[in-house]
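I open this notebook to record what I looked up in the structure shown below. The entries follow the order in which I consulted each topic.

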Amino acid sequence: HRDLHSFPTRRSSDLFGIGTLFYGLATVAEFFVSGQLSGVLEERRIEKMIDSFSDHYIVCGFGRVGRQVSRDLRAAGAQHVVVDPSPLNRQAAVSAGVPLIESEPSDDEVLLQAGIQRAQGVIACVDSDAENIFITLTARELRSDIFIIARASAEDSEKKLVRAGADRVISPYKTSGAEMARVA
């Protein structure tokens, strides 16, 4: 009587184990087939590249102004890494051959990952003045001696960026991304 009850239970647990094994194998296969592995390997390659940088620049934002800054830094032979949260800008960075961290540039961990401790300067050129102020505050707090150039769209933001710790404030309406790169 006891053997009859234990037999179906054992069999269902065996089936459950086999089902779990197949599910695990399918998940691993999907990981390889879907290209996630190449994405993970690409991220690791970019991390290693950034870790090898020193005296580089961290360009925060890869919009119109950030792309111009990046082009001019590349033309000058200056190493730099871009930090931008938009997945739309990832392809532009890959096409340009620029290492990109797809995350918020005002986050302490992200700036540390971008190598702020070894960097020569931070260029805050996102579209939002408020975000540029946060980036400037964060960068200045992480490293008091780093050179910070920030973009200001509104005139009253210029004073706030200087108070937040920017060494130079550039208004794209007065100058361009090329000027930001030249100053850097």
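I began with the terms for burial: buried means under 20% relative accessible area, exposed over 50%, and partly exposed in between, with a 1.4 Å probe and protein chains only. The model is predicted, so I noted its limits: local features need pLDDT of at least 70, side-chain atom pairs count only at pLDDT 80 or more, and totals for chains, interfaces and linings use all residues. Residues are numbered from 1 along each chain as its sequence is written, and side-chain values use heavy atoms, with hydrogens and water left out.

**Entry: salt bridges**

I took a salt bridge to be a side-chain nitrogen of Lys or Arg within 4 Å of a carboxyl oxygen of Asp or Glu. By this rule I found five salt bridges.

I looked up Asp 167 and Arg 140, whose side chains meet in a salt bridge at 3.0 Å, N to O. This pair links distant parts of the chain, 27 residues apart: Asp 167 is in the loop between α7 and β6 (168-170), and Arg 140 is in helix α6. Helices (H or I, at least four residues) and strands (E, at least two) are DSSP runs, numbered from the N terminus. Is Arg 140 buried or exposed? Arg 140 is buried, because its relative accessible area is 17%. Asp 167 counts as partly exposed, at 42%.

I then turned to Glu 102 and Arg 90, which form a salt bridge with an N to O distance of 2.7 Å. Glu 102 lies in the loop between β3 (100-101) and α5, and Arg 90 in helix α4 (residues 88-96), so the pair ties together parts that are twelve residues apart in sequence. I recorded Glu 102 as partly exposed, with 34% relative accessible area, and Arg 90 as partly exposed at 27%.

Arg 143 forms a salt bridge with Asp 145, and their closest N and O atoms are 2.9 Å apart. Arg 143 counts as buried at 15% relative accessibility, whereas Asp 145 counts as exposed at 57%.

**Entry: nonpolar core**

A nonpolar core is a set of buried Ala, Val, Leu, Ile, Met, Phe, Trp, Tyr and Cys residues joined through side-chain atoms within 4.5 Å. Which members of the largest core touch the most other members? Of its 25 residues, they are Ile 58, Ile 101, Ile 116 and Val 122. Several elements each supply at least two residues of this core, including α2 (36-52), β1 (57-60), β4 (121-124) and β5 (147-151). The largest share, three residues, comes from α6. I noted the general background that, in soluble globular proteins, nonpolar side chains tend to be buried together.

**Entry: helix α6**

Leu 137 also has its place in helix α6. I recorded Leu 137 as partly exposed, with a relative accessible area of 40%. From C-alpha to C-alpha, Leu 137 and Arg 163 are 9.0 Å apart in space, and they are 26 residues apart in sequence. Glu 141 is in helix α6 (residues 129-142) and counts as exposed, at 64% relative accessibility.
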